[in-house]
Amino acid sequence: MKIIDELLLQLSFVTMEVVGKAYIVSIPKEKLRHVAVLLKNNSRLSFNFLIDIVGIDYIDSLAVIYYLSSTQFPTYIIVLKTYTNDREDPQIDSVCDLWQSAGLYEREVHDFFGIRFIKNMDMRRLFLRQDWKGYPLRKDYNADMEINPMPLLNEDLIVMEKMDGGSSVFEKDDYVVNFGPQHPSTHGVLHLRVALDGEIIKKVDPNFGYIHRGIEKMCETYTYSQILHLTERLDYLSGTINRHGMCLAIEKGLELEIPRRAHYIRTIIDELTRIASHLLGWGCMAMDMGSITAFVYGMRDREKIMDIFEETCGGRLMANYSVIGGVMNDIHPNFQRKVKEFILYMRKRLKEHHLLFTDNPIARGRMEGVGFLSKEQAISLGATGPTGRASGWSNDIRKIEPYAAYKYVEFNEILRTDGLTFDRYIIRLDEIEESLKIIEQLIDNIPGGAFSTKIKAMIRLPEGEFYQRVESARGEFDVFIYSKGDKYPYRVKFRSPCMTLVNTLGVIAIGVKIADLVMLGGSLDYVVPCIDR
């Protein structure tokens with residue numbers, strides 16, 4: 001793209017490679033700050049969306065990779081790579097003042113690789129305890145349990161909240177309450193420390209890691225086929241979409257041609273998953289606000305999808321259906337009939353859901369005018385999916401980079417502009433209708449032929465880096481794979497759409513009453529295992 005070429009040509013000190021619509025740019029760490037400011041604040045084309053930050057240990061150096069995109073031309077990506085040879089005290093300039101999402105991303109890289117980001121004052125570990133010894137994703141990490149024995153006591157709060165320079169997350173006289181980690185409305189095991197001024201929220205500090213399983217570390221010792229089941233245990237409500245994304249990343253590396261029939265089936269399964277997730281999200285948010293009936297209705301409708309999955313896939317919540325090369329087995333003879341029956345059923349139920357809860361004056365009164373998130377804030381925070389679209393940010397990967405059968409269908413990307421709690425609530429119900437439209441266009445047009453391409457029993461990706469973006473029910477889910485040509489990946493990184501959503505909670509909750517905190521979390525619809533990984 002001409003404007004990007006002209007922008008990067010100003011930087012004589014970089015080495016650049018163009019792969020499709022991705023510009024891979026390697027820069028000295030001393031120049032990172034200069035380049036980041038240039039790309040973010042450029043008047044002609046601002047790369048205002050920091051997709052993710054990936055850490056990697058090349059043994060001879062530690063690298064940090066920044067994936068950047070512009071909301072003006074979202075199909076183009078700049079991949080910034082910088083390195084440090086210092087393994088004892090690695091330091092790289094922070095970009096947390098340029099993109100709000102960078103704060104948590106940098107803490108994650110610090111937690112797993114030990115890299116400190118200069119001028120980021122919050123370099124606490126993100127998932128592990130503050131007294132953890134070593135950095136687990138380094139290749140020289142010692143996993144001996146004697147070094148890090150099973151802790152018998154809870155971590156001290158003063159230690160948990162101590163930042164660089166000895167300062168604390170909260171002010172000395174702040175009144176701080178605990179929300180979670182064991183609370184049904186946290187949508188997982190999430191610990192929020194909330195500072196209050198009377199009933200008004202002053203600050204929210206999320207603490208992650210209570211169900212951290214080291215999935216990215218596990219991937220380094222699993223074959224590519226074995227990794228697939230781990231993806232469904234991230235955001236388990238978008239499990240089939242996550243698994244699909246992992247398959248696409250591997251298939252991209254293998255340059256594998258997938259049967260068109262498999263693309264259609266995968267897309268239908270993904271959209272059924274999206275509907276099931278939105279129904280559960282709707283029901284949970286309604287129950288968080290006191291409507292148990294709405295939750296029961298949401299679960300009732302979701303059960304129809306689970307029955308379809310069970311018959312064709314063999315699984316329900318975790319369908320285990322997409323495999324490298326296609327799908328596990330062909331669709332059940334009843335699949336098309338039952339899906340078409342569900343489309344008619346769900347359209348009637350949507351009207352019922354609106355009558356039950358959307359038009360309820362008490363519910364509307366609580367949701368309207370609360371939890372404002374501007375479009376600019378959503379982009380800076382990386383709050384993709386329905387949350388970002390409720391603030392007017394067009395970020396649907398199905399539109400930006402159509403994959404599978406999305407290129408063959410017509411559907412609307414639902415956008416709202418007010419960015420309030422009600423907008424985040426209603427947009428998910430509207431997206432259910434768009435998913436029904438997608439399925440309706442595909443279900444009677446599934447091509448004949450094979451449902452999977454035959455592959456070798458042991459897969460080896462060629463040496464290189466592979467990146468795949470997909471649209472989960474909660475936003476952009478990305479898969480990064482670095483391969484050295486072995487049967488195991490050298491590094492796997494998953495972009496969690498939910499981590500940025502919890503970060504967003506800390507923005508929209510300021511100035512809101514504590515009684516509305518549960519409702520705000522429900523409107524963001526995060527799933528904690530997606531964050532903790």
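Student: How much area do domain 1 and domain 2 bury between them?
Tutor: About 1,300 Å², with 52% of it on carbon and sulfur atoms. Keep in mind that this is a predicted model.

Student: Where do the domain bounds fall?
Tutor: The domain assignment puts domain 1 at 1-167, while domain 2 comes in two pieces, 218-370 + 404-494. Their centres, taken over C-alpha atoms, are 29 Å apart. Domain 1 brings 19 residues to the contact and domain 2 brings twelve.

Student: And how many salt bridges are there between domain 1 and domain 2?
Tutor: Four.

Student: Back to Lys 139, then. Which side chain does Lys 139 meet in a salt bridge?
Tutor: Glu 220, at 3.2 Å from N to O.

Student: How many salt bridges turn up in the whole structure?
Tutor: The search finds 46. One of them joins Arg 33 and Asp 97, with the closest N and O atoms 2.5 Å apart.

Student: What does the Arg 33 and Asp 97 pair tie together?
Tutor: Arg 33 is in helix H2 (residues 32-40), and Asp 97 is in the loop between strand S6 (91-93) and helix H3 (102-113), so the pair links parts that are 64 residues apart in sequence.

Student: Switching to helices: how do H9 and H10 cross?
Tutor: The axes of H9 (residues 292-313) and H10 (residues 335-358) come within 11 Å and cross at roughly 170 degrees. H9 and H10 are therefore roughly antiparallel to each other.

Student: What classes of residue make up the contact of H9 with H10?
Tutor: Ten nonpolar, three polar and seven charged residues. On the H9 side they include Tyr 297, Arg 300, Asp 301 and Ile 308. On the H10 side, Phe 342, Tyr 345, Arg 349 and His 353 are among them.

Note on methods. Residues numbered from 1 in each chain as written. Predicted model: local features only at pLDDT ≥ 70, side-chain atom pairs only at ≥ 80, totals over all residues. Heavy atoms only, no water. Axes fitted to C-alpha atoms, helices over the stretch in contact; angles between N-to-C directions. Helix = DSSP H or I, 4+ residues; strand = E, 2+ residues; numbered from the N terminus. Parallel < 35°, antiparallel > 145°, perpendicular 65-115°, else oblique. Contact = heavy atoms within 4.5 Å. Nonpolar A, V, L, I, M, F, W, Y, C, P; charged D, E, K, R; others polar. Domains from an automatic or database assignment. Buried area = accessible area lost by both parts, 1.4 Å probe.
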